[in-house]
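Work through the two exercises below. Try each task before reading its solution.

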Amino acid sequence: MAAILEVRDLRVEFPTRRGTLTALDGVSFDIAPGEVLGVVGESGAGKSMTGAAIIGLLEPPGRIAGGEILLNGKRIDRLPYEQMRRIRGKEIGAIFQDPLTTLNPLYTVGRQLVETMQTHLPLSDRDARQRAIGWLEMVGIPAAAQRVDSYPHEFSGGMRQRVVIALALCAEPALIVADEPTTALDVSIQAQIIALLKRLAREKGTAMMLVTHDMGVIAETADRVAVMYAGRIAEIGPVRSVVKSPKHPYSVGLMSSIPPLDRRVAQLSGIEGAMPRLSAIPQGCAFNPRCPHVFARCRQDRPELIETGTTRAACWLYDPASEKRAPEAVQHG
Amino acid sequence: MAETPVLVAEDLAKSFDVSRPLLQRLLAGEGRRTLKAVDGVSFDIPKGTTLSLVGESGCGKSTVARLVVGLYRPTQGRVLFEGIELEKARANPETRRRMQMIFQDPYASLNPRWRVQEIVAEPIRAFGLAQGAAALRDRVGQLLTQVGLSPLDGEKFPHEFSGGQRQRISIARALSSNPDFLVCDEPTSALDVSVQAQILNLMKDLQARLGLTYLFISHNLAVVRQVSDRIGVMYLGRLVELAPAETLFTAPRHPYTRALMEAIPDLEMTGRQRIPVGGEVPSPINPPTGCPFHPRCPLADARCKAEMPKLLPPPGQPGTIAACHAVEEGRDPAPAPAGTDQRIGTTATAL
Ligand SMILES: Nc1ncnc2c1ncn2[C@@H]1O[C@H](COP(=O)(O)OP(=O)(O)OP(=O)(O)O)[C@@H](O)[C@H]1O
Ligand SMILES: Nc1ncnc2c1ncn2[C@@H]1O[C@H](COP(=O)(O)OP(=O)(O)O)[C@@H](O)[C@H]1O
Ligand code: SF4
Ligand code: SF4
Ligand SMILES: [Mg+2]
Ligand SMILES: [Mg+2]
């Protein structure tokens, strides 16, 4: 089946006083109908930026400097603001990391839901209100019929986030871009939201880009996973392969940083050091200063995505022409 | 006599007025509505230890945090800092320096018009903790490095950072006054796992070296297990179970605690259906009668609907207190023997 979303060689730049920063470079992926693509990676890796570029809400002076974005086969990366705004409500539903910027503090949550639905679907006031209450129930707001007339500030952080989710879903879009949708939620509500998102993907064929650093949520929800690092995709592949036997040394470090649930450890394993600043991305592989497997070629040439057998990884260890090959430890995760 | 705990919460309650505007109230013929965000919460935190609070969104965790640092005045009960009533203790600038809070929302807590350098330096300057501009800059650089940012990031404004990076700035700011009691409301929820590991290691390291005391709030049970000495489970504004960290994981007693353990996402991808806690989350405006968990509890009976259970140690488990009639009556399923886990499968070893 044709992909709902195609991102080709996307490049996003930020002109600054100190020169132009490249926030995204050569990012490409597809999402098929009913498919959930999980996007993970260190904060600042460019996950939110990728989502913002797709929905046409890059914060100025950020701009798309190259590549293309197609929704159902049509370019959407060069559309005038008004046209993109209509697409955003109807065809793309967005769930942002920061719930307060999405909700209008001056309107009740019910009014915001009703207006969103009526903009995109032919509904009477009464039906729209009924549906608004229905969506609030679906995302687990207790006493929805009573709280539909509340203002956003009367809700807890997690409840506001659930209202944002209801807002993104209520116009039944073809693509959902969800940036950390369940981060503010506890596990039991999270389970409910994840089940809802999965059901929508399955039943309505909704495609979903799910940005989160919660690997448990990824494992349960995503079909494929993209790991981002310093504005590029470091590894992409089926969820089972990426989570259980990652191939890129950065993915390996990321997966081993997950705190264990079944015991307490003295020291959590992590990845030494920090991701480079955009203005100081090293030559060659951007991960090379932190990589335990670095070799000469890594400091010179930048690796593209290479087939590893189970995934595709931007790492020279998987290039047959390299002088060094992936050690057993990495090969088998 | 035992050392005075750094923090004591005694029977804390906080209500909010959530009435609709007067005119609408008159039209609808309804009275004022209050929401009890927190009710009857007591705990203490001994020096150098970590107490964590977990529970569903909206259950009142952040409200407890705000009561503990004096951002809200309790409707009932009181908070003692080293044995002194909070308001009196906070009149002393030294106390204000010593207690700091890391907020859940990294967007709201940073002044957008200040550079990061100024944001982090402000408490250092306010409390006179560095002599001279060079020392101040060094200290800020050191703090930024500690949280995984670069000293050069001091030149930027908060909006130039991603969500997780902003949270690291607020952690650097909270640490800048050398506090010894930190209230951390979801400090790592906005962070990716690798930075989360660094921050949790930093927090543990500071505690080991400097004897810091933490009130830690999170909904991530794996994170909570890594940092806590004791864990309190909240439901609808109340503490329903309080236990040593290891005991809570190996022998959870309250039916809600058990349900939370069941709902944890599965990294093993065994295809296990997560069992969301059944039933509807009740409204804190009209809490259920009796035990607040009874509409969702598999063990609920007539007594549960009528009578609020008290926090009591379960028979034979003195370190724990749980507010549940079934536990008190001994009619709950036996806890798993110590040492075995409620959930099979680990995350790290699988990778
Ligand atoms: N200023 C306020 N006015 C009215 N109601 C409030 C206010 N602050 C909190 N509440 C209500 O108090 C309850 C507890 O809120 P709190 O923010 O403490 O929850 P929480 O456990 O931190 O949840 P989350 O994890 O979602 O942030 C919620 O029902 C919320 O709607
Ligand atoms: N307005 C801006 N100006 C300059 N740099 C920015 C701006 N917004 C974000 N960045 C940088 O872009 C990178 C990617 O940010 P983002 O996509 O938000 O990361 P995340 O993966 O955490 O969501 C980060 O290094 C961040 O500091
Ligand atoms: S290309 Fe080299 S430095 Fe980069 S991840 Fe692979 S081995 Fe490490
Ligand atoms: S008191 Fe009754 S309803 Fe409440 S948790 Fe215990 S068994 Fe369930
Ligand atoms: Mg982000
Ligand atoms: Mg909170």
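A polar contact is a pair of N or O atoms within 3.5 Å; within protein, one must be able to donate a hydrogen and the other to accept it, and residues adjacent in sequence count only if both atoms are side-chain atoms. The model is predicted: local features need pLDDT of at least 70, side-chain atom pairs count only at pLDDT 80 or more, and totals for chains, interfaces and linings use all residues. Residues are numbered from 1 along each chain as its sequence is written, chains are lettered from A and ligands numbered from 1 in the order in which they are written, and side-chain values use heavy atoms, without hydrogens and water.

**Exercise 1.** Describe the surroundings of ligand 1.

Step 1. Find the shell. It holds 21 residues, with A:E154, A:G158, B:G58, B:S62 and B:T63 the closest. A residue is near if one of its heavy atoms lies within 4 Å.

Step 2. Assign chains. Residues from A and B surround ligand 1, so the site is shared between chains.

Step 3. List backbone polar contacts. A backbone N or O atom of A:E154 lies 2.8 Å from a ligand oxygen. For B:G60, a polar backbone atom is 3.1 Å from an oxygen of ligand 1. For B:C59, the distance is 3.2 Å.
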